[in-house]
Amino acid sequence: MKKVKSGKNGKKAQTAPWLFLLPFILVYVGTFLYPAFFSLYLSFFKYKGYGEAKFVGINNYKSLLTYRTMWVCLGNTLFYFITSYIPTMLISFLLAVMVRSKTLKRFQRIYKPVIFLPQICAVVAASLLFQIIFGGKVGVINQVLGTEIPFLTDLRYMKWPVSALITWRGIGWYFVIFLAGLTSISEEVEEAAMVDGATPFQKLVKIIIPLMKPTFMLTSVTYAIGSLKLYTEPNVLLSREEAPLQVAPYINIVTTNVNGGNFGMAAAAGWLLVLLILGCTLLQMKAFGGED
């Protein structure tokens, strides 16, 4: 058994890894930890970005919680999350199962890039594309159906194109995650189930889905985090500048306060979103048995 080096050589061996990690640590502290804690500190002040900051305690949080606009924007964000979550997860998982099947497995090199393509498409470009699809009189859907449904101008319909855009862009990303999760399932287990007389549906429900629970938890948590931070899609798709209040996402509260010079209120809105994401994440982990 080799002895641990002592003296100068031993100290060098212990110091070397930290020297390699030092650039990352400095960048992480400077670009994440310090801004995060400073924004938390700033949320208890009234500050315009210049001059002296005035301590107001939890008044910024009280103002937000009694601010009707904040609740409207939060409701819009939750609507986008709920209406896009199920179709995104369902379609991406079924596509992953189909591509992994023996029938289509040989064509994976074709299917994978095609399915993942929407994810690498720029958000602004995708939003402009969906403006053409959901346009009024000259929109693709209205032209095909022979209708004049005001998808992008009537408040009754405006949220649904956003949900469709989020779903379209998210399918490719979660398809890749589900496909990676499926590859971790041993083929021997599936073959044993087939030998025992299990149908493809029974194999999917009783073997694949239970073994994919950790992957489902990962996708669910990451999707919730991404959806609650939604900003670009509704603002670009539904307006050239900023979406109307009835369809605006929660992040608009942060940007509006920053543009108005109320940095303390913007920081408080950001930390309320952090608490919401944390609560949603803990609930999802509990639902999927994340404590195991």
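Buried means under 20% relative accessible area, exposed means over 50%, and partly exposed lies in between (1.4 Å probe, protein chains only). The model shown is predicted: local features need pLDDT of at least 70, side-chain atom pairs count only at pLDDT 80 or more, and totals for chains, interfaces and linings use all residues. Residues are numbered from 1 along each chain as its sequence is written, and side-chain values use heavy atoms, with hydrogens and water left out.

**Figure 1**
Helices (H or I, at least four residues) and strands (E, at least two) are DSSP runs, numbered from the N terminus. The C-alpha trace spans about 85 × 75 × 30 Å along the principal axes. The radius of gyration, taken over C-alpha atoms, is 25 Å for the protein. A compact globule of 292 residues would have one near 19 Å. That globule rule is 2.2 Å times the number of residues to the power 0.38. Of the 292 residues, 36% are buried.

Contact means heavy atoms within 4.5 Å. Take the contacts with a separation of 6 or more: 67% of them join residues 24 or more positions apart. The protein exposes about 18,300 Å², and carbon and sulfur atoms supply 69% of that area. Accessible areas come from the Shrake-Rupley method with a 1.4 Å probe; for residues, only the protein chains shown count as cover. There are 27 positive and 13 negative charges, and their mean positions are 11 Å apart. Lys and Arg count as positive, Asp and Glu as negative, while His and the chain ends are not counted. Each charge is placed at NZ of Lys, CZ of Arg, CG of Asp or CD of Glu.

**Figure 1. Leu64 sits in helix α2 (residues 59-65).**
Leu64 has a relative accessible area of 1%, so it is buried. Which residues does Leu64 contact, leaving aside neighbours within four places in sequence? They are Met70, Trp71, Ile253, Met265, Ala268, Ala269 and Leu272. Leu272 is 208 residues away from Leu64 in sequence. In space, their C-alpha atoms are 9.1 Å apart.

**Figure 2. Helix α5 (residues 123-133) has buried residues Ala126, Ser127 and Phe130.**
These three lie on the same side of α5, because they cover an arc of only 100 degrees around the axis. The arc is that of the directions from the helix axis to the C-beta atoms. The buried residues of α5 pack against α7 (159-183) and α11 (232-238).

**Figure 3. Leu179 belongs to helix α7.**
Leu179 is buried because its relative accessible area is 8%. Beyond neighbours within four places in sequence, Leu179 contacts Ala96, Arg100 and Lys112. Tyr80 is 99 residues from Leu179 along the chain, and their C-alpha atoms are separated by 25 Å.

**Figure 4. Leu90 is found in helix α3 (residues 68-100).**
Is Leu90 buried or partly exposed? Its relative accessibility is 48%, so Leu90 counts as partly exposed. Leu90 and Phe79 are 11 residues apart along the chain. Their C-alpha atoms are separated by 18 Å.

**Figure 5. Leu204 lies in helix α9 (residues 200-211).**
Leu204 has 17% relative accessibility and therefore counts as buried. Not counting residues up to four places away in sequence, Leu204 touches Phe93, Val97, Ile209 and Pro210. Glu190 is 14 residues from Leu204 in sequence, and 9.3 Å away in space, C-alpha to C-alpha.

**Figure 6. Ser227 is part of helix α10 (residues 213-228).**
At 7% relative accessibility, Ser227 counts as buried. Which residues does Ser227 touch, not counting those up to four places away in sequence? Ser227 touches Thr77 and Phe81.
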